[in-house]
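Dear colleague,

I am passing on the structure below, followed by notes on what was found in it. Please read the notes with the coordinates open beside you.

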Amino acid sequence: MSEQNFDIVVLGGGSAGYAAAIRAVELGMTAVVIEKDKLGGTCLHRGCIPTKALLHSAEVAEVARESEKYGVKTSFEGVDIAGVSAYREGIVASKWKGLQGLLKARGITVVAGEGRLADANTVTVGEDRYVGKNVVLATGSYSRSLPGLEIGGRVITSEQALELDFIPKKVAVLGGGVIGVEFASVWNSFGAEVTIIEALPHLVPNEEETISKQLERAFRKRGIEYSLGVRFQSVTQSDEGVVVTLENGTTYEAELLLVAVGRGPVTQNLGYEEVGITIDRGFVITNDRLETSVPGVYAAGDIVPGLQLAHRSYQQGIFIAEEIAGLAPIVVEDVNIPKITYCEPEVASIGYTEANAAEKFGADQVSAFEYNLAGNGKSSILGTSGMIKVVRVNDGPIVGVHMIGGRVGELIAEAQLAVNWEAYPEDIAPFIHAHPTQGEAFGEAVLKLAGKPLHVM
């Protein structure tokens, strides 16, 4: 048995964990990261990066099919799934190697092994003990299923979907949230028939309703089918495929069923509750400074209730390191964290929806404007439709921005600054948005709310 001492012991080497370690070292502390799988966690190996690589391959396939409308003659011979996988794996391997090098260069100790919280200051890995002045829990999440719905065979999660060595001819997707619509978008571009089954009334149901409706229209135009507002009941499978039954008796036949109903926290059998950590439905409960019920033990990322996003995890990891260092970092509420769904068309948002803003500030105190991307030159060049909706408090700041359209995810950075800095439309209106860019669409919406529209009435 060996014992090593650090200022901060991090259990979990995903986005939250390694961000906490990097920032801690920048602030003069020593840090160890304990990871049972691969440094980078779900985001790098089974989530954000590989899925976006797939989505880029899907975009290339669509461009190849449609090239003639841009005056370029080419032929589309199909999708080589082995080539797609090699491309995806190459991206992941490159980023993984870079991340390993980064932590090594920072002097951060990385331990490969399954860690367990032994007390408020100690994580054990087998017989070895890692003792810290503070401990950060960042053990991430797993693909959740529904009660009674077993994963196996032709019923798969996103992890298995990434590893498929074939393109299904017909696939059903259970869940119309981020993961569901992204995989539906990929498979449709690759030539599969896709049906999404969502129990709530809309796709991407956590988004502004007008955005959800536009995405539904866009998917219908692409040939992506969907069932809304009726819950899943059961699935049977055979050597040929699956049959999905809904509560109203409707059935769908497919080659595979992708279960995309969200992610659950990885907190079981890690010693958390034995040490006194408060757990609710599997999630670690913290105060607004991300400290758990055990003083000196913090939690970050997907195990903390709220948005499960890699960039939220980064922010929380950095926050904890700065909190431990006494820097009193600011709290960013989940509502003001940017969200992007990388299907085609993309969806991006931050802040309050118009309905939520009306509820919070009063309906007569809120204004909103929807700028149609049909009026934006760069969007027309790219061949995308969509809109940007900006929500403001009357005579007050911008409190929400909601977008749909090709590549609009790249516009969320400016929207984030506007919302989090509580900028008024009148503050932004004098500044110039380069022409021709999609960023002009945000500028046009802001000009309208500031009372000085240019290309809209």
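Ile49 lies in helix α3, which spans residues 48-66, where helices (H or I, at least four residues) and strands (E, at least two) are DSSP runs, numbered from the N terminus. Please keep in mind that this is a predicted model, in which local features need pLDDT of at least 70 and side-chain atom pairs count only at pLDDT 80 or more, while totals for chains, interfaces and linings use all residues. Residues are numbered from 1 along each chain as its sequence is written, and side-chain values use heavy atoms, with hydrogens and water left out.

Ile49 counts as partly exposed because its relative accessibility is 30%, given that buried means under 20% relative accessible area, exposed over 50%, and partly exposed in between (1.4 Å probe, protein chains only). Together with Tyr87 and Ile91, Ile49 makes a nonpolar surface patch of about 210 Å²; patches are made of residues with over 30% relative accessible area and no salt bridge, with like charges joined within 9 Å and nonpolar side chains (Val, Leu, Ile, Met, Phe, Trp, Tyr) within 5 Å. The accessible areas come from the Shrake-Rupley method with a 1.4 Å probe, and for residues only the protein chains shown count as cover.

**Salt bridges**

The structure holds 24 salt bridges, each being a side-chain nitrogen of Lys or Arg within 4 Å of a carboxyl oxygen of Asp or Glu. One of them joins the side chains of Arg407 and Glu59 at 3.8 Å, N to O, and this pair links distant parts of the chain, since Arg407 sits in the loop between β24 and α12 and Glu59 in helix α3, 348 residues apart. Arg407 is partly exposed, with a relative accessible area of 45%, and Glu59 is likewise partly exposed, with 35%.

Arg222 is partly exposed, with a relative accessible area of 22%.

A further salt bridge, between Arg263 and Glu159, has an N to O distance of 3.6 Å; Arg263 belongs to strand β16 (residues 263-265) and Glu159 to helix α5 (residues 158-163), 104 residues apart. Both Arg263 and Glu159 are buried.

**Strands and sheet**

Five strands form an open sheet in the order β20-β21-β24-β23-β22, with antiparallel pairing, where two strands pair if DSSP finds at least two bridges between them. Its edge strands, each pairing on one side only, are β20 (339-341) and β22 (366-372). Within the sheet, β23 (residues 387-393) and β24 (residues 398-405) pair in the antiparallel sense over six bridges, and Lys389 stands opposite His402 in β24. Helix α12 (residues 412-420) packs on the sheet, touching β20, β21 (346-351) and β24, and its direction makes about 15 degrees with that of β21; contact means heavy atoms within 4.5 Å, while axes are lines fitted to C-alpha atoms, for helices over the stretch in contact, and angles run from 0 to 180 degrees between N-to-C directions.

Elsewhere, strand β9 (residues 170-174) is mostly covered, with four of its five residues buried. Strands β9 and β10 (residues 193-198) run parallel and are joined by five bridges, and Thr195 in β10 is the bridge partner of Ala172.

With kind regards
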